[in-house]
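Visitor: I would like to learn how to read a helix and its surroundings in a model such as this one. Could we go through the features one by one, with the general idea before the case?

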Amino acid sequence: MAVALRCCRRLPALLYCSSFATVRGLPQAPAGCPALLLDGCRQCGQQMLLTRQLATKKAKGKGQSQARVNISAALVEDIIDLEETSEDMQAVVEALKEDFNRNLSVRTSPGALDHIIVVTKDGRFPLNQLGQISQKSPQLMVVNMADFPESTAAAVKAIRESGMNLNPEVDGTIIRVPVPKVTREHRESLAKLAKQSTNKSKEALRKVRSKSMNQLKKSKDKVSEDTIRLLEKQIQQMADGAVAEMDKLLAAKTKELLG
């Protein structure tokens, strides 16, 4: 009797859901669906909601771009963490921005040397942890390696190979770093380095994208092909947006460097 009463209570809601699905053109619950008796076809209702939210329209006419997919992360959190993917992609963009600001400037400053990585027998360390960096004049920076004299040669090598067009000179534990003149060749060299850094960042971005796509492939047995395709499109759109942001950063930095 109790089971019958519970089923009767659900009947109006089920009839309403079925009518709503017919009017709105959504897929109705399949005949004999066990979820109808168990929980008001919650599974079918959730699938209908996801189908409607993920729906996109094909481009109509020439010159019109296809509608963007905007999938709610909460609806697909059991398939993939879209927020984490977005954060990973944005982290790559932020790293490129930081690299531009720190290492690619027409006027070399002491701060530009701080994070040059020095490889020693004890590990890898930023230059500012091994030596004291100062600027003696607009044309000369000095690195005092008195605290770690055994790392002087490694520091010189790191500065020379930093890609900043620097040619350090050694005097005991003192490393003198002449600041290059701002010539056209120097500006073009920096612009070339900016391009190289951007390409490396795009490669890192592709790895993030590939990782997410591979994660989707593992879920193909759990969700429909349409859902997988829409998620793939969403991830591709996120990657395209990050690439566009990188290209804008590169264009602005190139303009700044070349004057």
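Guide: Let us begin with accessibility: a residue is called buried under 20% relative accessible area, exposed over 50%, and partly exposed in between, with a 1.4 Å probe and protein chains only. This is a predicted model, in which local features need pLDDT of at least 70 and side-chain atom pairs count only at pLDDT 80 or more, whereas totals for chains, interfaces and linings use all residues. Residues are numbered from 1 along each chain as its sequence is written, and side-chain values use heavy atoms, with hydrogens and water left out.

Visitor: Which exposed residues does the face of H4 turned away from its buried side carry?

Guide: Helices are DSSP runs of H or I with at least four residues, numbered from the N terminus. On H4, the face turned away from the buried side carries the exposed residues Glu83, Glu87 and Asn101. The buried residues of H4 are Leu82, Thr85, Met89, Val92, Val93, Leu96 and Phe100. They cover an arc of only 100° around the axis, taken from the directions from the helix axis to the C-beta atoms, which puts them on the same side of H4.

Visitor: What covers the buried residues of H4?

Guide: Contact means heavy atoms within 4.5 Å. The cover of the buried H4 residues includes helix H7 (184–217) and H8. From H8 (residues 225–258), where Leu249 lies, Leu249 touches Val93, Leu96, Lys97 and Phe100, leaving aside residues up to four places away in sequence.

Visitor: How should I read a nonpolar core, and which residues touch the most other members of the largest one?

Guide: In soluble globular proteins, nonpolar side chains tend to be buried together. A nonpolar core is a set of buried Ala, Val, Leu, Ile, Met, Phe, Trp, Tyr and Cys residues joined through side-chain atoms within 4.5 Å. In the largest core here, of 26 residues, Met89, Leu216 and Ile235 touch the most other members. The elements giving two or more residues to this core are H4, H7 and H8, and its largest share, nine residues, comes from H8. Apart from this core lies another, of 18 residues, among them Leu113, Ile116, Met141 and Ala155.
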